[in-house]
Amino acid sequence: MNANALSMNARGQARRAARSRALDVGARAGFVARGVIYLLVGVLALRIAFSDGGGKQADRGGAIAEIAEKPFGSFLLWALGVALAGMALWRLSEAVLGQAGPDGDKATKRAMAAGRFVFYSFVSYSVLSYAAGDKSSGSGSSDKQTDDVTARALEWPGGQWIVGAAGVAVLCAGLWIAFRAIARKYHKHLKTGEMSRRVRQAVDVTGVFGGAVRGAVFATAGGFAVAAAVQHEPGKAKGMDDTLRSFTETPAGPWLLAFIAVGLAAFGLFSWANARYRRT
């Protein structure tokens, strides 16, 4: 009986180890995929800063369409979608089992992981659908989608309050993302001991700069949603593409958008660093 029990325990540990390895691979593949998307969005935004961008959107849809046009684009999209599915499953495991680290079992951490699971599941589904031939999925304009959703929400009872609250939530999330990046809160999630000094410096540059810019973009989009609620005008709400284009309307003109574009690309590189050094 003891021998059987030991054998069953060993098999159970082996299965758990295999699942852990699979989730680890999925998470790291997901960070690579996220990096690809942010890097492409940054490149597209940089094009828009000094030209019309060739009619391309500087958002996830634009990035997907850009990949589809490349040699082996369909294969790359399938790989991207599967990698994002791996990220979603990893986030689900964090929601169910808790995150790595001493405070990983907190309810707030689990709730945030659950939200990320839903988000990455949606993104993965849209990319895979596009790869399978549904060209209306994944590459749709984020601006049109934002306008449509905002218009419908404003028609609901208390719609202005709902849209306003959502805008405030996105604005606050953006500020929180920027604060965490500037405070280098990501250090606790990375295996910094395995990095050389130069690698650590590069990770900090991309993590702080890229994270702060990403947070600023989110906060700006949230501000536009609040404006749409206050003025009861759905068109005031902006998706990623219009939010980025709005930076060219500032006194800094296209140079501010170029700065933002480089920051988004930097966040893409930071995502790749997470693929290598993230604690999973």
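## Salt bridges and helix contacts

R91 and E94 pair up in a salt bridge, with their closest N and O atoms 2.9 Å apart. Welcome to a quick tour of this predicted model, in which a search of the whole structure turns up 7 salt bridges.

**The R91–E94 pair**

- Both residues belong to helix α3 (residues 73–97), where R91 and E94 sit 3 residues apart, about one turn of the helix.
- R91 has a relative accessible area of 4%, under the 20% cut-off, so R91 counts as buried.
- E94 is buried as well, with a relative accessible area of 5%.

**Other salt bridges**

- D204 and R184 join their side chains in a salt bridge, 3.4 Å from N to O.
- This pair links distant parts of the chain, since D204 is in helix α7 and R184 is in the loop between α6 and α7, 20 residues apart.
- D204 is buried at 12% relative accessible area, while R184 is partly exposed at 40%.
- In helix α8 (residues 240–246), D241 and R245 lie 4 residues apart, about one turn of the helix, and their side chains meet in a salt bridge of 2.9 Å, N to O.
- D241 is buried, with a relative accessible area of 5%, whereas R245 is partly exposed, with 26%.

**Helix α6 against helix α7**

- The axis of α6 (residues 159–182) comes within 7 Å of the axis of α7, and the two cross at roughly 165°.
- That angle is over 145 degrees, so α6 and α7 are roughly antiparallel to each other.
- The crossing of α6 past α7 is left-handed, and their contact has 18 nonpolar, 9 polar and 1 charged residues.

**Helix α2 against helix α4**

- Helix α2 (residues 60–68) and helix α4 (residues 107–131) have axes that come within 11 Å and cross at roughly 35°.
- Here α2 passes α4 in a right-handed crossing.
- From α2, the residues R60, I64, A65 and A68 meet F119, F122, V123, S126, V127 and Y130 of α4.
- Sorted by class, this contact has 8 nonpolar, 1 polar and 1 charged residues.

**A closer look at T220**

- T220 is found in helix α7 (residues 197–231) and is partly exposed, with a relative accessible area of 24%.
- Leaving aside residues up to four places away in sequence, T220 touches T243 and F247.
- T220 and K238 are 18 residues apart in sequence, with their C-alpha atoms 9.2 Å apart in space.

Definitions and conventions:
Residues are numbered from 1 along each chain as its sequence is written. This is a predicted model: local features need pLDDT of at least 70, side-chain atom pairs count only at pLDDT 80 or more; totals for chains, interfaces and linings use all residues. Side-chain values use heavy atoms; hydrogens and water are left out. Axes are lines fitted to C-alpha atoms, for helices over the stretch in contact, and angles run from 0 to 180 degrees between N-to-C directions. A crossing is left-handed if the near helix is turned anticlockwise from the far one by less than a right angle, and right-handed if clockwise. Contact means heavy atoms within 4.5 Å. Ala, Val, Leu, Ile, Met, Phe, Trp, Tyr, Cys and Pro count as nonpolar, Asp, Glu, Lys and Arg as charged, and the others, Gly among them, as polar. Buried means under 20% relative accessible area, exposed over 50%, partly exposed in between (1.4 Å probe, protein chains only). Angles under 35 degrees count as roughly parallel, over 145 as roughly antiparallel, 65 to 115 as roughly perpendicular and the rest as oblique. A salt bridge is a side-chain nitrogen of Lys or Arg within 4 Å of a carboxyl oxygen of Asp or Glu.
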